[in-house]
Each structure stands twice: as structure tokens, then as C-alpha cells.
Amino acid sequence: MNHISWNTTKRCNLYCKHCYRESGPDELVNNELSTEEGKKLLREMYKAGFRIIVFSGGEPLLRDDIFELVKYAKTLNMITLMGSNGTLITKSYAEKLKNSGLNSIAISIDSLDEKKHNEFRGADTAFKRALQGAKNCIDAGIKVQLNCTVTKDNLKEIDSIMNFASDFGAVSSHMLFLVEVGRGKNIGYTSLNKEEYKNAINTIIDKNLDLDIRVKPTCAPQYKVEALLKGIDSPGGRGCIAGTSYCSILPNGDVHICPYAPIKVANVKEEAFDSIWENNEIFKKLRDFKSYKGNCGSCRYINICGGCRARAFNYSGDWLDEDPFCLLKEGRAI
């Protein structure tokens, strides 16, 4: 099912080391889509066939109209999700989100070591407040997904973090592999090498068989092929869905192929989103697998994996190029 991420604001109460949107407390309300522009965008998303909307940021709860926007999306019969750092979610806010129609929320826990998480997120109370915010959501009846950005610094913890998510009461645990974009460029030294990447993906695949919640690698489309080669069925569509069933909207209305690939497609203030989604040449190329280059272009698994378009762009400047973290060679496992 097509889904979309709308970075509703660049403002954030935290200053995370890896933030792809380079958000922070000093960001101002600068050319953000207004409430009415946001509602128009939601209508155009629905017209384009999108049924899942992720309200993200920055920190979306810093928008005064976020509850109104969630409620409006719900009137369009959209499934409403949110990406939040969790630290602002009091019991009252959790109830308001539930009453607005929010289906589920993703909150990040990047280490079970409180000091490590706080350092990564840039605030001394981030860990405690994120967990309390997640608990408040669960108590209010909102499904919670716990995310984790995987780096060398927490690689040995990912098994424990997935166990923690299950014990905590989350419905899923997503492991997001660092893409060196935004402030993530400054911590590229913590990115996994290819061997660590492959091992981590397989750890997550195997863990998904053991836990009663779904665990999934994100920004790691090779997991689809790794699972296939192990005889394991992985639900869902293609590994990388940038431009095929997914894209992102920036606070100012710019359309990007995904949040981690700074490739502007168009702007919803200048053209209706449903027209952009159907007619834009960049999207058309992403859907034409013959346009892909290098190993991705010749791979028999292009329709299963697709290679990370953000990582390809980050390494070569060409979003149609091969993913440098490909784990295959001429269609065979390395």
C-alpha cells in the first residue's frame, strides 16, 4: 500500500547527531505549509492513491495544528502514523493523539544505556522521557513501534533492543541503518562496513522468526534478498520503495524521493501532489527498472531489492546508480 512521510516541521526540541533533516531547537517556522495547505496536500495524497500518512519532523508535536491535521487525515479514511522523539508526549498529549485518530507512533530508542541514548539525542533526559512518552501512548491505546538507528556504537545491542521492544509492549521494532545525509554526514565513521551490515541484517531476519512482534531492517533493502536466499518469506513489497510506492514531503512543500535522499522532485505549492506523483519524470525513472545502473541495473533481484537510492546518491551523486552496499555479485551471494 502506498504511503508517504510528511516532515511537517524542521523544528525540534532535541538536536540528534544523525538527523537527516538537520532539525533542532533553533529552527524557526520558515515557509512551512499552513494548515489549509496541509489539508489540501492530504486530499491530493488520497487522490494519488496514498492511504498511509506518516506525520514526521523535526518534532511534529511542535506544530500547533498537528492534532487537527491528524484528525483531518482520518476523515479521509487514511491510516495515520507519526514519527516522534517521544519526549513531549504527556498522558494528556497521548489522549489527544488517540482522540484525533492516530493509529500508531514510532519512537526511537538507540541504546539501552541511558547515557549513550541521551548523548546521541542531545538531551540529558531524552531516554526517560521517550520511554514515558511511549508508555503513555500504549496506555492511551495507540500502537507503538520502537525504532533504533544502527551504528557501530550500538551494533552489539540490537538483539537486546529488539527483545526490549517486545517486552515493553511495542507492536514492532524497526532497525534503521545510518545513511550519511544531513548531520549523519558528520558521524560517517560510525557507519557499518559491508560485513557488519550483512551480519546485522541477518540477525534481524532471524530475530523476526523468534519474537511475537515484527522486527525489520530499514534503509537496508538487501534484507529482502538475504531472506529469500535463506528460504524465509518477508512480507511487504520491494526493499527500496523510493518513488515507487513511497516518497516524502518537506516542511516547505518540496517533494523528495525519500527522506534520506535530498533529491527534489517538485513542490506541492506549485503543482498538485497527485499530478506530481503520476507525471514527474524522476518518479517515472524510478519505476522503470531498466533505468537503473551498475550492479542494480543488471541484477535479477531488482524488483525485490532495488538497492538503496539514498545510499547510491550519497556515494556517487546519481540516484539511479548501484547501491555500494550490495551483497550480491552478478546475482549470486557473496
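Reader: Is Lys284 buried, partly exposed or exposed?
Author: Keep in mind that this is a predicted model. Burial is read from relative accessible area: under 20% is buried, over 50% is exposed, and partly exposed lies in between. Lys284 has 38% relative accessibility, so Lys284 counts as partly exposed.

Reader: Which side chain does Lys284 meet in a salt bridge?
Author: A salt bridge needs a side-chain nitrogen of Lys or Arg within 4 Å of a carboxyl oxygen of Asp or Glu. Here the partner is Glu281, at 3.7 Å from N to O. Because the two are three residues apart in helix α10 (residues 281-287), about one helical turn separates Lys284 and Glu281. Glu281 is partly exposed as well, with a relative accessible area of 49%.

Reader: How many salt bridges are found in the whole structure?
Author: The search finds 18. One of them joins the side chains of Arg11 and Glu32, at 3.2 Å from N to O. Both residues lie in the loop between β1 (3-7) and α1 (35-47), so the pair ties together parts that are 21 residues apart in sequence. Arg11 and Glu32 are both buried. They also belong to a network of salt bridges with Arg63 and Asp65.

Reader: Where in the chain are Arg121 and Asp110?
Author: Their side chains meet in a salt bridge too, at 2.7 Å from N to O. Arg121 is in helix α4 (residues 114-121), while Asp110 is in the loop between β4 (104-108) and α4, 11 residues apart. Arg121 is buried, at 8% relative accessible area, and Asp110 is buried at 3%.

Reader: What is the nearest side chain of opposite charge to Arg309?
Author: That is Asp323, 6.0 Å away. A salt bridge would need a distance within 4 Å, and Arg309 is buried yet has no salt bridge. A polar atom of the Arg309 side chain lies 2.9 Å from the backbone oxygen of Gly306, and one lies 2.7 Å from the backbone oxygen of Trp319.

Reader: Which backbone oxygen does the side chain of Arg311 reach?
Author: The side chain of Arg311 reaches the backbone oxygen of Cys219, at 3.1 Å. Arg311 also lies in helix α12, and its relative accessible area is 5%, so Arg311 is buried. Beyond its sequence neighbours within four places, Arg311 contacts several residues, including Phe177, Tyr197, Asp323 and Pro324. Arg311 and Asp323 are 12 residues apart in sequence, with C-alpha atoms 6.1 Å apart.

Reader: Where is Pro324 found?
Author: Pro324 is in the loop between α12 and β11 (328-329). Its relative accessibility is 26%, so Pro324 counts as partly exposed.

Reader: Which residues have the most contacts inside the largest nonpolar core?
Author: Such a core is made of buried nonpolar side chains that join up with one another. The largest has 91 residues, and those with the most contacts inside it are Trp6, Met45, Phe55, Ile257 and Phe273. Helix α5 (residues 126-140) gives the largest share of this core, six residues. A second, separate core has six residues, among them Val225 and Tyr301.

Definitions and conventions
Residues are numbered from 1 along each chain as its sequence is written. This is a predicted model: local features need pLDDT of at least 70, side-chain atom pairs count only at pLDDT 80 or more; totals for chains, interfaces and linings use all residues. Side-chain values use heavy atoms; hydrogens and water are left out. Buried means under 20% relative accessible area, exposed over 50%, partly exposed in between (1.4 Å probe, protein chains only). Lys and Arg count as positive and Asp and Glu as negative; His and the chain ends are not counted. A polar contact is a pair of N or O atoms within 3.5 Å; within protein, one must be able to donate a hydrogen and the other to accept it, and residues adjacent in sequence count only if both atoms are side-chain atoms. A nonpolar core is a set of buried Ala, Val, Leu, Ile, Met, Phe, Trp, Tyr and Cys residues joined through side-chain atoms within 4.5 Å. Helices (H or I, at least four residues) and strands (E, at least two) are DSSP runs, numbered from the N terminus. Contact means heavy atoms within 4.5 Å.
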